[in-house]
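Please have the sequence and the 3D view open while reading.

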Amino acid sequence: MATIKFGGVDETVITRDEFPLSKAREVLQNEVIAVIGYGVQGPGQALNLRDNGFNVIVGQRKDSASWQKALADGWVEGETLFTIEEAAERGTIIANLLSDAGQIAVWPTLKERLTAGKTLYFSHGFGITFREHTSIVPPADVDVVLAAPKGSGTSLRRLYLQGGGLNSSFAVFQDATGKAYEKAVAMGIGIGSGYLFETDFRKEVYSDLTGERGVLMGALAGIIEAQYQVLRQRGHSPSEAFNETVEELTQSLVPLVGENGMDWMFSNCSVTAQRGALDWKGKFREATLPVLNDLYDSVASGAEAQRTIQRGSTPGYRKELEAELQELRESELWQTGAKVRELRTLSK
């Protein structure tokens, strides 16, 4: 492992140089990794682990859409694809990659099969951190570890196939065997992480829930809607409002910020854009700080977890969710976006 100073703070980082794939294979050579769930993270992690030479099986509800997807991805029924119950029985590392709601529903089934010495693996700290809401309390004689890619399973798989990797967090919640730490790191390397940052389950889920409700999705979607609305109300056309709000952001600026940093972006734009951004960023920061603090408090109190669980378990929730998503999809903003994306394809 390496100690790297970030913003003046020493942090532990593990890369493929310090912990190569060959070492990860050695650590997990006698393990059967049972990936439970084949929805969001499951496919990317399972396929990367398989391609990296680990002994992987998949557990999924039979004859579901995800079961069919697993078959299409080359998992073989009765050999590498099983029901959740049988996969959990066979696995020595149970990788619980179900949705948060799915983890709650299936927990009694998994707990029954978590015999002494096995490992319970997560890619999200939700179930363990908010155990007073989820009732996910592991037996004392199993290891409990986490490797959390900082992106979707689709991105994890795509970058792996391109020879790269997402960065991931890793953590140990419970070390019953004395080997939990190296198993957590080995899993992180095995799923295709570029490098691994050490954290704990609580910090992972607090930052994750804040991030996805904040800058990553909730705040981003909200400020996009607000700016689009202002431009439309001031007489700008849908295409112009979209291009100045979304298209330039996603197709030009964000990739460059990711590659070079915001300071580079400020130094490589027109003086007019540079001056305006510097003058206004503080106003946006001060306007959003109270909202983000309220958000973090809501996460830390467990209110966000409780609301998610309650809404997700409400009869008819899926229909309500689809109605919300349909409203978003059919809004003028994102209908305009669909047309602009068509033009991207035509211009290639």
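Helix α10 covers residues 201-213 of this predicted model. Its 13 residues, at 1.5 Å each, should span 18 Å. The end C-alpha atoms are 18 Å apart, so expectation and model agree.

Look next at the start of α10. There, a side-chain oxygen of D200 comes to within 3.1 Å of the backbone nitrogen of R202.

Which residues of α10 are buried? They are F201, E204, V205, Y206, L209, T210 and G211.

Now the helix pair. Helix α11 is made of residues 218-233, and helix α12 of residues 238-260. They pack at an angle of about 150°, and their axes lie 8 Å apart. That angle is over 145 degrees, so α11 runs roughly antiparallel to α12. The crossing of the two is right-handed.

Both helices supply residues to this contact. From α11 come L220, I224, Q227, Y228, L231 and R232. They meet P238, A241, F242, E244, T245, V246 and L249 of α12.

Last, one residue. V106 sits in helix α5, residues 100-113. Is V106 buried or exposed? Its relative accessible area is 16%. The cut-off for buried is under 20%, so V106 is buried. Leaving aside residues up to four places away in sequence, V106 touches I84 and L98. E85 lies 21 residues from V106 along the chain, and their C-alpha atoms are 9.4 Å apart.

Conventions:
Residues numbered from 1 in each chain as written. Predicted model: local features only at pLDDT ≥ 70, side-chain atom pairs only at ≥ 80, totals over all residues. Heavy atoms only, no water. Helix = DSSP H or I, 4+ residues; strand = E, 2+ residues; numbered from the N terminus. Expected span 1.5 Å × (residues − 1). Buried < 20%, exposed > 50% of the residue type's maximum accessible area, 1.4 Å probe, protein only. Polar contact = N/O pair within 3.5 Å; in protein donor to acceptor, adjacent residues only side chain to side chain. Axes fitted to C-alpha atoms, helices over the stretch in contact; angles between N-to-C directions. Parallel < 35°, antiparallel > 145°, perpendicular 65-115°, else oblique. Left-handed = near helix turned anticlockwise from the far one by under 90°. Contact = heavy atoms within 4.5 Å.
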